[in-house]
Amino acid sequence: MRVLLIGANGYIGRFVADRLLADPAVQLTALGRGDDADVRFDLASGSPGALTRFLDAVHPGVVVNCAGATRGGARELTRHNTVAVATVCEALRRSGCGARLVQIGCGSEYGPSQPGSSTAEDAVPRPGGPYGVSKLAATELVLGSGLDAVVLRVFSPAGPGTPAGSPLGRLAEAMRRAMQSGDGELKLGGLGVQRDFVDVRDVARAVHAASLSAAQGVINIGSGRAVRLRDAAAVLARVAGYGGALHELDVPPGPLRGTIGHPRADSDHVSPVAYPYPDGCGSWQQADVRTARDRLGWRPRINLEESLADIWMEAACRI
């Protein structure tokens, strides 16, 4: 099976590449903007015609799109998350390869949900920020393209390779600095948020399964369990061996932005955050993952403690 992987150098894409390369039946070609890609191509600025010519030459059976942007203004997010997907869909429509498309979506497309609820694929998406809007627009393009396509809505990926600027990455970095300085107290803000964490290696398994399946439409990929960030911090402290006190800062409601961790300082003036997740999903998000089980035969295997241990291992080695 010939697979064209777009975004192989990204957080999720790297693990998808590893998973696909481990399958001896897969012949993998990586397309991206980096020098180490098999083919250099910028989806946000390249033309559908140029991509069509490449598709006709390689003739993949599956195209996996892991490319995209998580940060930036609305214009940049639209260019990398929406326009890029429009280019992929149009190129596939023009091409004679007949490839199946596996598009990586995100839980942010749903927007805020009722605490205690599980969000299923038939929920009406109401994204609460430009990132979720740009990803939802991409999903709608894929679903309306007429292609053999599936969109995997990934909730909150965690595990090795977690970006240092992400909420869990910032949490690990704050703890590392506290331990490095011998600080016995760590002040943390915004820990009331609850998210559905899923290990990035389990996400890669889901992509592999989706590539081999005939499933179409939208499929949620998550753990099926919301975890309070406060509890994740306690688990991280345990795996890190941090014996200091974790103090949660009181934060007012509202979309304040800043860092998640504040090692103790002489000044009491800190900048806590109300929502450390700038995803527009409010205080709660939990996936209903029954469709992934039924249509892909997929279940998450790696628990959050293992994911956090891997995040800590990388943070501890950071100089």
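User: Which residue of β11 stands opposite Gln194?

Analyst: The residue opposite Gln194 is Arg228 in β11. This is a predicted model, in which local features need pLDDT of at least 70 and side-chain atom pairs count only at pLDDT 80 or more, while totals for chains, interfaces and linings use all residues. Residues are numbered from 1 along each chain as its sequence is written, and side-chain values use heavy atoms, with hydrogens and water left out.

User: How do you know that β9 and strand β11 pair, and in which sense?

Analyst: Strands and helices are DSSP runs numbered from the N terminus (helices: H or I, at least four residues; strands: E, at least two). Two strands pair if DSSP finds at least two bridges between them. β9 and strand β11 (residues 226–228) have three bridges, in the antiparallel sense. Strand β7 (residues 156–158) also pairs with β9 over three bridges, but in the parallel sense. In that pairing, Pro157 has Val198 of β9 as its bridge partner.

User: Why is strand β9 said to be largely enclosed by the rest of the structure?

Analyst: A residue is buried under 20% relative accessible area, exposed over 50% and partly exposed in between (1.4 Å probe, protein chains only). Six of the six residues of strand β9 (residues 194–199) are buried, so the strand is largely enclosed. In a regular strand, side chains alternate between the two faces of the sheet. Here Gln194, Asp196 and Val198 point one way, Arg195, Phe197 and Asp199 point the other way, and all are buried.

User: What makes β3 and β10 the edges of the open sheet?

Analyst: The sheet has seven strands in the order β3-β2-β1-β4-β5-β6-β10, with parallel pairing. β3 (39–40) and β10 (217–221) each have a single partner strand, so one side of each is left without a neighbour in the sheet. Within the sheet, strand β1 (residues 2–6) and strand β2 (residues 27–32) pair over five bridges in the parallel sense. In that pairing, Arg2 stands opposite Gln27.

User: How do you know that Cys89 is in no disulfide?

Analyst: A disulfide is a covalent bond between the sulfur atoms of two cysteines. The test is a pair of cysteine sulfur atoms within 2.5 Å. For Cys89, the nearest cysteine sulfur belongs to Cys97 and is 12 Å away. Cys281 is likewise in no disulfide, the nearest cysteine sulfur, that of Cys106, being 7.5 Å away. Cys89 is buried, with a relative accessible area of 2%, and Cys281 is buried at 1%.

User: What makes the phi of His59 worth noting, and where is this residue placed?

Analyst: Most residues other than glycine have a negative phi. His59 is not a glycine, yet its phi is positive, about 55°. His59 lies in the loop between α2 (48–58) and β4 (62–65). At 41% relative accessibility, His59 counts as partly exposed.

User: What is meant by the largest nonpolar core, and which residues have the most contacts inside it?

Analyst: A nonpolar core is a set of buried Ala, Val, Leu, Ile, Met, Phe, Trp, Tyr and Cys residues joined through side-chain atoms within 4.5 Å. The largest one has 34 residues, and Ile12, Val16, Val64, Leu152, Ile221 and Leu296 have the most contacts inside it. Helix α6 (residues 200–212) supplies the largest share, seven residues. A second, separate core has 29 residues, including Leu31, Val63, Ala91 and Leu147.

User: Which residues does Leu308 touch, apart from those up to four places away in sequence?

Analyst: Contact means heavy atoms within 4.5 Å. By that test, Leu308 touches Leu168, Ala232, Val235, Leu236 and Val239. Leu308 lies in helix α9 and, at 1% relative accessibility, counts as buried.

User: How many cavities of 30 Å³ or more does the structure hold?

Analyst: On a 1 Å grid over the protein atoms alone, a cavity is a set of points where a 1.4 Å probe fits but cannot get out, and lining residues have an atom within 4 Å of a point. Points are joined across faces, edges and corners, and the volume is the space filled by probe spheres set on them. The structure holds one cavity of 30 Å³ or more, and the largest cavity has about 40 Å³ of space. Its lining includes Thr162, Ala172 and Arg318, and α9 gives the most to this lining, with three residues.

Note on methods: 1 Å grid on protein atoms, 1.4 Å probe; cavity = no way out; pocket = protein on both sides within 12 Å on 5 of 7 lines; lining within 4 Å.
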